[in-house]
Amino acid sequence: MDVPAISTEHLSRRFGDLVAVDDMNLRVTAGQFFGFLGPNGAGKSTTIKMLTGLLAPSSGRMEILGLDLTGNPVEVKRQIGVVPEGMALFGRLTGAEYLNFVGRMYGLGRDTAAKRAAELLEFMQLADQPKALIADYSHGMQKKLALAAAVIHGPKILFLDEPFEGVDAIASGTLKSMLNGMIARGATIFLTSHVLEIVERLCSHVAIIYRGKLVAQGSLEELRTGVQAQATQAGTDAATSGGKLTLEEIFLRIVGGTRAAAEQELSWLG
Amino acid sequence: MAGVNSTPEPPAWSVAREQFAAIAQLRWRIFVHSLRTLRGRLEVISWAFVGLAFVGMGIGGSVGLAAAAWFLTSQRQFEWLALVLWGVLLYWQLFPVMATAFAENFDSSNFLRFPIRYSSYFFIRMVYGALEPTTLIGSLWLIGITLGVGIADPSLLPWAALLLLTFGALNILLARMIFAWIERWLARRKTREILGIVFLLFIISVQFIGPVMNRYGNHRGRHSRVAIPGVAMNLVSAEKFTPPGLVGAALGAASEGNPAIALGSWALECGYAAIFLWLLDLRLRAQFRGENLSEAAAPRSAAATAREKTTVREGIALPGFSPPVAAVFEKELRYLSRSGPMLFNLAMPLVVLAIFLLGPAGNAPHPGAFRNGPGFREFAFPIGVAYALLILSNLMYNCFGTEGGGIQFYFVAPVRFRQILLAKNLIHGSLIAFEACLLWVAVCLVFQRPSIGLTLATLAGAVFGALVNFSVGDLFSLYSPKKFDYAVFGRQRASGTTALAVFGVQAVVFGICAATFAATAHFGKLWLATLILLAFAAAAFAGYTILLNRIDRIAINRRESLVTELCRAQ
């Protein structure tokens, strides 16, 4: 049997009385482009923080590439790349210095780290301002640099928390092709995003978390079939005018939101 | 028009009133919410004590100044009253700058996204600025002076009230104007650092006043006394045209029955206020128009871009240490080299030597302090090294403070915290070694070459002190982190617990070293101090090693609070 890239068993995280992640059993197969979705405050970032070692779970088990994260943190971290919520940048280094530093921290030789840093800066179109400090970068440039840092050591799994937020269309296209290239070479990508169109276009598999609980998990087609089956059982028509359900429609049906609620009018808006 | 509400627009004054009420309510709610945490409640209690001290200072000062004003008015010495007003002005202007010490001030641009008029914005900025202890104290002092003048000569009371009211308004405008411009300079990292260095220079030059006065007062008294009257006379004639001088001149003219001259002086004072108002208005209007004060890099020309291309150099290697240790060491070195104020701080022990030279060491007899031991001057080296250690405690006890969001990287990277802390301690150790070398050379040049015995004992003491500070500092860096920006000065609110720990540890370390030095010097066997302090250093090293072996577990347990504190938005 294939070892899953990511698997959790009864994973929970509590903050006082609040259960941010509740008994989560997640399974991501190696080579999947996996989208992790949920409304605001559902527990997406808490989950990604636990899976990358930034946050300790209250209970449960997490395995990355078959290794227990709690027992083998360093071995696991060597295999993964992360762009966390805060991007984890050191503002008073230049982009080149930062990538060089990250490469060496991931165990690359000095020459390899320097070579890859230069390549990544070119690829991300960040090579034009060699003396600029990261603190002086725009948000989009910082995002690109954080992504470059996450891949410098050639990780087997990439965790991305809102990777396309604040990135311009040109860079976004470059990033998507880079991520697809990684998938083609067998890497696994686990991303959270609020832009459902992007997730629908990129991801082969999706999980939806709602109020801390994993409410759906599978390929897009599986989710679509599941939602349609539920609708048939309930005697409602799940299909839209176009026929096929979009990810946004699937998402809204699963988390209980409706287009009608979104389109509700506010009387004073005229 | 479709989609736009056609409700009649309320009058401007009514909108402004609602906006002011909303802002006041916002501030109140922020205060109330701050009481939810223990830290917030303690903060309020400490502010209550500080507030009481300010009130005491205001009322006490007011009574004192009233007495002074009464005496000077009775003696018709209004030029001296101007001198008193100079004190008030300097306090009013300098204290807020020193107290806030180039911290990130309130970001007024927050209000600019709302549809507020310029007049409302100006008013908000004035009110925000005026509601501070300095205004309260300054106002109380001016009331005291007014009453003092009025009691001494009731006919001068209306004049004093008018002139001092104008003087108070002028001070408020000047303070706001200074802050608005400082805010402008602080908005960019480069200018912020330059301003930080200017501020440090100012603080240092203040420290030199005492020793310089002491030295020149003692040695060149007669010459300086001859020189002073000429300079003073020029200053006095110029002073008449300054705001405090004008108040004194106006009161003098009024007391002599020359209302025209008094009015003229008052008009000049109003002129100063108008200039400050204009400069303030200039700044606030620029802000109101949406001036960009962000840190983002300015757009670059294509030519400039084409010229510069990134070349990535290989990182440095540290023989005997793992690549992550070398990488963190290099990163720390880069951080230090980019912090003007921090580099400046490293030169501070030399400044202390200079103060020492002008002060006690310059005047002390030689040999001195210890019987059978070295002279007072020779102890400049250990004192300088101790001071260097004290200055570096800022870095050692909060060594993740400058990482900001970068702290997350250490938790997601395949490295152990012992490697990270070892690298940070290595850089701190290198700095201490560098400082010790620099100080040794400086002491040789300025005083005399310290004896080999004293040099070795000092170095042994430095190793002992450094190791103790590394151990305690590493623990406090994990248990009590505080976000810190190299570019920002003062009001960085170091954790109170950490400050106490620094004080306690230095007291113990310096106490042990001083006792060892004193005892061995007393018996004329200073070389023994080296052995004793090396024994202490060995014990400290054992403790440090044990701690490093346990630090990974501590860091993992503390990761949430570390990330929360250091990733907090400023």
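What share of the contacts in chain A between residues at least 6 apart in sequence join residues at least 24 apart? The share is 67%. Two residues are in contact if their C-beta atoms, placed from the backbone, lie within 7 Å.

This is a predicted model, where local features need pLDDT of at least 70, side-chain atom pairs count only at pLDDT 80 or more, and totals for chains, interfaces and linings use all residues. Residues are numbered from 1 along each chain as its sequence is written, while chains are lettered from A and ligands numbered from 1 in the order in which they are written.

**Chain A**

Chain A has ten helices and eleven strands. These are DSSP runs, numbered from the N terminus: helices are H or I with at least four residues, strands are E with at least two. Of its 270 residues, 47% count as buried. Buried means 20 or more other C-beta atoms within 10 Å of the residue's own; exposed means 12 or fewer, and partly exposed lies in between.

Take strand S10(A), residues 205–210. Five of its six residues are buried, so S10(A) is largely enclosed by the rest of the structure. S10(A) pairs with two strands, S4(A) and S11(A). Strands pair if DSSP finds at least two bridges between them.

| Partner of S10(A) | Sense | Bridges |
|---|---|---|
| S4(A), residues 33–37 | parallel | four bridges |
| S11(A), residues 213–219 | antiparallel | six bridges |

Leu37(A) has Ile208(A) in S10(A) as its bridge partner. Tyr210(A) stands opposite Lys213(A) in S11(A). S10(A) and S11(A) form a hairpin with two residues between them. In that turn, Arg211(A) has a positive phi of about 50°.

**Where the chains touch**

In all, 42 residues of chain A are in contact with 40 residues of chain B. On the chain A side, H4(A) gives the most, with seven residues. By class, this side has 24 nonpolar, nine polar and nine charged residues. Nonpolar covers Ala, Val, Leu, Ile, Met, Phe, Trp, Tyr, Cys and Pro; charged covers Asp, Glu, Lys and Arg; the others, Gly among them, are polar.

**Chain B**

Helices H13(B), residues 323–337, and H19(B), residues 417–446, have axes that come within 8 Å and cross at roughly 45°. H13(B) is therefore oblique to H19(B). Angles under 35 degrees count as roughly parallel, over 145 as roughly antiparallel, 65 to 115 as roughly perpendicular, and the rest as oblique. Their contact has ten nonpolar, one polar and two charged residues.

Leu90(B) sits in helix H3(B), residues 78–100. Leu90(B) counts as exposed because it has 11 C-beta neighbours inside 10 Å.

Definitions and conventions:
Axes fitted to C-alpha atoms, helices over the stretch in contact; angles between N-to-C directions.
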